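Some notes on this model follow, as numbered points. Please read them with the structure open.

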Amino acid sequence: MQKFAKYTFAFLAALFVTCVPAFAAEGDAEVAKASGLGLGYLGATIGAGLAIIGAGLGIGRLAGSALEGMARQPEAAGPIRATMILAAALIEGATFFALVITIIVAVK
């Protein structure tokens, strides 16, 4: 996990360093919008990516813990499975909500 965090930090640092000229650029907002330099799209993309990564990690951890619990107590597999499915649905719902918000912000 540390290796993933290092690469993620390096990628985000490189992304922000390369975005500095876009922040420093002077000019009309219509020109920037027409040339595709809309920072709203960049923010929405990063937000959507973080939401998907967080949901994937959360559901993966949830499934791993549920499988471990089922292996330790096979007679409790039914309630554990039901709780796991409910929690996964809630995580996915929150993820879809985050994606909708990022899309609305990007379009606005």
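1. Thr 102 counts as buried, because its relative accessibility is 14% and the cut-off for buried is under 20%. This holds for a predicted model. Thr 102 sits in helix 4, which spans residues 77-107.

2. What does Thr 102 touch, leaving aside residues up to four places away in sequence? The partners are Ala 44, Gly 47 and Ala 48.

3. Leu 42 belongs to helix 3, residues 39-72. Is Leu 42 buried or partly exposed? Leu 42 is partly exposed, because its relative accessible area is 25% and buried requires under 20%.

4. Leu 42 and Ala 106 are separated by 64 residues in sequence. Their C-alpha atoms are 8.3 Å apart.

5. On the overall fold: the protein chain has 4 helices and 0 strands. The pattern along the sequence is α-α-α-α. Of contacts between residues at least 6 apart in sequence, 69% join residues at least 24 apart.

6. On burial and surface: 14% of the 108 residues in the protein chain count as buried. The chain exposes about 8200 Å². Carbon and sulfur atoms supply 73% of that area.

Definitions and conventions
Residues are numbered from 1 along each chain as its sequence is written. This is a predicted model: local features need pLDDT of at least 70, side-chain atom pairs count only at pLDDT 80 or more; totals for chains, interfaces and linings use all residues. Side-chain values use heavy atoms; hydrogens and water are left out. Helices (H or I, at least four residues) and strands (E, at least two) are DSSP runs, numbered from the N terminus. Buried means under 20% relative accessible area, exposed over 50%, partly exposed in between (1.4 Å probe, protein chains only). Contact means heavy atoms within 4.5 Å. Accessible areas come from the Shrake-Rupley method with a 1.4 Å probe; for residues, only the protein chains shown count as cover.
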